[in-house]
Amino acid sequence: MKANRSTSVAGRKAAPLALGALGVVLFSVTFPATTAAEASFSPVEVGVGRSVIGGVVAITVLLLRRQPLLPPRDVLGRMLIVAGPVGFGFGLFSALALRYVDSVHGAVLTGLIPAATAGVAVWRAGERPRRAYWAALAFGLAVVIGFAIVQGGGHLSVADLLLLVAVGIAGLGYAEGGAIAREHGGWRVICWAIILAMPVTVPVTLVALVTDPPGHVTAGAAAGLAYVGVISMVVGFFAWYHAMAAGGVARIGRLQIAQPALTLGWSALLLREHVGLLSATAAAAVIAATAVGRNARVDTSAAAAGPAGADPRVRTAQARRAVGPATGSSLS
């Protein structure tokens, strides 16, 4: 009996990790797929148009599941925070950047997304990171900027700045979306986010198609656009948000540390891009810095603990809702 119970518990713990790993693998192909799509489509058509494709999928899923197409009013404001970065912000900024740099370069810079996600989650939870977090983040940022300057011939390029903006807004969307997913389910959260973004993404995509119509559409470009529209925008987030809701933002979020290395591999395999020693070294340094930062301990501030005199059980429940299960001593 005890053995069966232990096996059941182990299975429940492993399932979120497996889903989170699946999400990371699916996300790691996004940059190579974006680069492939831009062989025929403009950055706006790829970066924003992918959300329109995802929106069609999201509406279909919600209708088939007989779910409301819009979130409840009590989370509408928070869902708008997710809709901006996830719905079109990250896709647009990264697609614009990848017109000028390869996906290997982009993978190194966006390796800071897990650290950005942790930082936003800590900020939203009102916690105080210890020095190890800030030291790791500063080191990772220094590596990223140094790599970009060396690659850019002595200065940061516009593409680098666009990728850094993409990193920041991705952290915001991931952290807030993961928190809401605990209450409403990961698949609902991403569907609602994409649908809320459609009043912006649909007209912007239509204008882009009229002013800069696609040229000869190759099979590779079509496949790349389909991938980022369906897999990166919807299927990957189904797995990712559900994993964070079930296994905790801290525990699952650490899996994303492997994403830059996976992207380097996909870039070399699918696009035949060269992964030089500088890129590999910089990626390894960013991964190491992110790993240290995500495991750095934090203290809970009075604001996060709730009003003075509140029932400790209430404060505990509030903290769990803010930072996720089992995150009391680590960055969420």
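Biologist: Which residues have the most contacts inside the largest nonpolar core?

Modeller: The model is a predicted one. Its largest nonpolar core has 57 residues. Those with the most contacts inside this core are M79, F237, W240 and Y241.

Biologist: Leaving aside neighbours within four places in sequence, with which residues is F237 in contact?

Modeller: F237 belongs to the largest nonpolar core. Once its neighbours within four places in sequence are set aside, the contacts of F237 are F27, V86, Y174, I190, S232 and H242.

Biologist: Is S103 buried or exposed?

Modeller: S103 is found in helix 6, which spans residues 103-109. Beyond four places in sequence, S103 touches F31, P32, T35, L98, T263, S267, L271 and E273. The limit for a buried residue is under 20% relative accessible area. Because the relative accessible area of S103 is 0%, S103 is buried.

Biologist: Which side chain does a polar contact join to that of S103?

Modeller: E273 is among the residues that S103 touches. A polar contact of 2.9 Å links the side chain of S103 to that of E273.

Biologist: How many residues in the lining of the largest cavity are charged?

Modeller: The lining of the largest cavity has 20 residues, and F27, F90, I113, Y174 and Q259 are the closest to its centre. Helix 5 (73-97) and helix 9 (158-184) are among the elements that give two or more residues to this lining. By class, the lining residues comprise 12 nonpolar, seven polar and, as charged, one.

Terms used:
Residues are numbered from 1 along each chain as its sequence is written. This is a predicted model: local features need pLDDT of at least 70, side-chain atom pairs count only at pLDDT 80 or more; totals for chains, interfaces and linings use all residues. Side-chain values use heavy atoms; hydrogens and water are left out. A nonpolar core is a set of buried Ala, Val, Leu, Ile, Met, Phe, Trp, Tyr and Cys residues joined through side-chain atoms within 4.5 Å. Buried means under 20% relative accessible area, exposed over 50%, partly exposed in between (1.4 Å probe, protein chains only). Contact means heavy atoms within 4.5 Å. Helices (H or I, at least four residues) and strands (E, at least two) are DSSP runs, numbered from the N terminus. A polar contact is a pair of N or O atoms within 3.5 Å; within protein, one must be able to donate a hydrogen and the other to accept it, and residues adjacent in sequence count only if both atoms are side-chain atoms. On a 1 Å grid over the protein atoms alone, a cavity is a set of points where a 1.4 Å probe fits but cannot get out, and a pocket is an open set with protein on both sides within 12 Å along at least five of seven lines; lining residues have an atom within 4 Å of a point. Ala, Val, Leu, Ile, Met, Phe, Trp, Tyr, Cys and Pro count as nonpolar, Asp, Glu, Lys and Arg as charged, and the others, Gly among them, as polar.
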